[in-house]
Protein chains: 2
Amino acid sequence: MFNSSILLKEYNLKVTPQRVAIVEELYKNGHMNIDDLYKNLLEKFPSISLATIYKNVNAMVEKIFLNEVKVPDAKTVYELVKEEHSHLVCSSCGKIEDIIIDTSVLNNTLSSVSNFKIDNTEVVFQGTCEKCQ
Amino acid sequence: MFNSSILLKEYNLKVTPQRVAIVEELYKNGHMNIDDLYKNLLEKFPSISLATIYKNVNAMVEKIFLNEVKVPDAKTVYELVKEEHSHLVCSSCGKIEDIIIDTSVLNNTLSSVSNFKIDNTEVVFQGTCEKCQ
DNA sequence: TTAGATGCAAATGTTTTGCATCATC
DNA sequence: GATGATGCAAAACATTTGCATCTAA
């Protein structure tokens, strides 16, 4: 099972209830922006501060176990780092889904026409999800 | 030749010197964030206001002849809309290059595993450009 | 002449920082 | 007990808005 305390310890972050809650929210909900996180955590921690959310999210992004995803026409969202994957963003309901597709075709195409050294390939599909169609 | 006045007229925007300058900066430099635009326009228009830049850039994005590109680990940049293309972002010098590669392979792959209806596919490669290697 | 653009100042929104207090290790 | 986290308030930064004046059509 997924254990947020162990994850935090692995990355040398002290295990505080607020941090555990941030990680668990992200585990449960997949992608969240800062505001979503704040609103949800307020229920458990009525006096939690936005500064705490920012500090922790930034720390986790630096430790590379949170991923920052910049989305066209929407707020930046955060997610737990997992297997490399792409994103589907629904223009209608705003929901973001993960999808694992092989992007190496693109990398190969790029490498054949350019000397750019690729570290990472971000793919965001914009469109309409199944429900909203 | 490229004519920014005609472009503005086509999209029902009054042709002002500030707007012409914005379009021409983007034509010349490719991708710019709000701050870059502001700094460059200040030379021509010492009293131009940031509000003017924001208002105009937003208007042009709405008219769909500017494109807003959200870049991982950097400020949002704007570019003139052209043929669909992907972006190469150099982690070392920050430069953004355009590259035209066929993303339909990805779209086909996605369509075969999901019912998501794709309107647009954004691809951003992060890595190191030729110069910085 | 009219509709809309500009620049300024103020308002709003977002993110970061400093610091006293508190919790984890 | 020491190191670092939290929450608060303030600061810094980013973006939008209202309005008087000016300009393009």
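Modeller: A polar contact is a pair of N or O atoms within 3.5 Å; within protein, one must be able to donate a hydrogen and the other to accept it, and residues adjacent in sequence count only if both atoms are side-chain atoms. This is a predicted model, in which local features need pLDDT of at least 70 and side-chain atom pairs count only at pLDDT 80 or more, while totals for chains, interfaces and linings use all residues. Residues are numbered from 1 along each chain as its sequence is written, chains are lettered from A and ligands numbered from 1 in the order in which they are written, and side-chain values use heavy atoms, with hydrogens and water left out.

Colleague: What makes Arg19(A) and DNA strand D a polar contact?

Modeller: An N or O atom in the side chain of Arg19(A) is 3.0 Å from a phosphate oxygen of DNA strand D. The limit is 3.5 Å, so the pair qualifies.

Colleague: Which base atoms of DNA strand D lie by Lys14(A) and Lys55(A), and at what distances?

Modeller: For Lys14(A), a side-chain N or O atom is 2.5 Å from a base oxygen of DNA strand D.

Colleague: What makes a residue count as being near a strand?

Modeller: One of its heavy atoms must lie within 4 Å of the strand. By that rule 18 residues are around DNA strand D, with Lys14(A), Thr16(A), Gln18(A), Lys55(A) and Tyr54(B) nearest. Around DNA strand C there are 19, and the closest are Tyr54(A), Asn58(A), Thr16(B), Thr52(B) and Lys55(B). Sugar and phosphate make up 75% of the atoms of DNA strand C within 4 Å of the protein; for DNA strand D the share is 76%, the rest belonging to bases.

Colleague: Which helices supply the surface near DNA strand C?

Modeller: Helices are DSSP runs (H or I, at least four residues), as strands are (E, at least two), numbered from the N terminus. At least two residues each come from α4 (50–62) of chain A and from α2 (17–29) and α4 (50–62) of chain B.

Colleague: How do you know how much area chain A and chain B bury?

Modeller: Buried area is the accessible area (1.4 Å probe) that two parts lose on being put together, summed over both. For chain A and chain B the value is about 3000 Å², with 63% from carbon and sulfur atoms. In chain A, Lys70(A), Leu106(A) and Phe116(A) lose the most area to chain B, together 22% of what that side buries.

Colleague: Why is no salt bridge listed between chain A and chain B?

Modeller: A salt bridge needs a side-chain nitrogen of Lys or Arg within 4 Å of a carboxyl oxygen of Asp or Glu. Across this interface the rule finds zero, so none is listed. The interface does have 16 residue pairs in polar contact (both at pLDDT 80 or more). β5(A) gives the most to the side of chain A that touches chain B, with 12 residues.
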